[in-house]
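Dear colleague,

I am handing over the structure below. My notes on what was found in it follow.

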Amino acid sequence: MGKQLTILFWGFIYGEVLGYIVSALSGYTFDAKLSGLIPMIGGFIVINCLSYFIKNSQEK
């Protein structure tokens, strides 16, 4: 549980930072919810998929 909360927290923080930088450089308006939510969910899915495959490869 702690691992997933850490992934969600840092995914949100990195998404906010990268979203702000990209919006400032490209001239688009910064949407805080969207730039934090998408990397948060994406990071959560990627880390859980990777841990599933790593766990399955160690069982063999």
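Trp-10 sits in helix 1, where helices (H or I, at least four residues) and strands (E, at least two) are DSSP runs, numbered from the N terminus. This is a predicted model, in which local features need pLDDT of at least 70 and side-chain atom pairs count only at pLDDT 80 or more, while totals for chains, interfaces and linings use all residues. Residues are numbered from 1 along each chain as its sequence is written, and side-chain values use heavy atoms, with hydrogens and water left out.

With a relative accessible area of 41%, Trp-10 is partly exposed; buried means under 20% relative accessible area, exposed over 50%, and partly exposed in between (1.4 Å probe, protein chains only).

Gly-27, with a positive phi near 90°, follows helix 1.

Trp-10 is also one of the residues in a nonpolar surface patch of about 1000 Å², together with Phe-9, Phe-12, Ile-13, Tyr-14, Val-17, Tyr-20, Ile-21, Leu-25 and Phe-30. A salt bridge is a side-chain nitrogen of Lys or Arg within 4 Å of a carboxyl oxygen of Asp or Glu. Leu-25, in helix 1, is exposed at 73% relative accessible area.

The buried residues of helix 1 are Gly-11, Gly-15, Glu-16, Gly-19 and Ser-23. For Ser-23 the relative accessible area is 10%. A polar atom of the Ser-23 side chain lies 2.9 Å from the backbone oxygen of Tyr-20. Leaving aside residues up to four places away in sequence, Ser-23 touches Tyr-28, Thr-29 and Phe-30 (contact means heavy atoms within 4.5 Å).

Thr-29 belongs to the loop between helix 1 and helix 2 (32-59) and is exposed, at 76% relative accessibility. The C-alpha atoms of Thr-29 and Gly-19, 10 residues apart along the chain, are 9.8 Å from each other.

Regards

Definitions and conventions
Polar contact = N/O pair within 3.5 Å; in protein donor to acceptor, adjacent residues only side chain to side chain. Patch = residues over 30% accessible without salt bridge, like charges linked within 9 Å, V, L, I, M, F, W, Y side chains within 5 Å. Areas by Shrake-Rupley, 256 points an atom, 1.4 Å probe, with all protein chains shown as cover.
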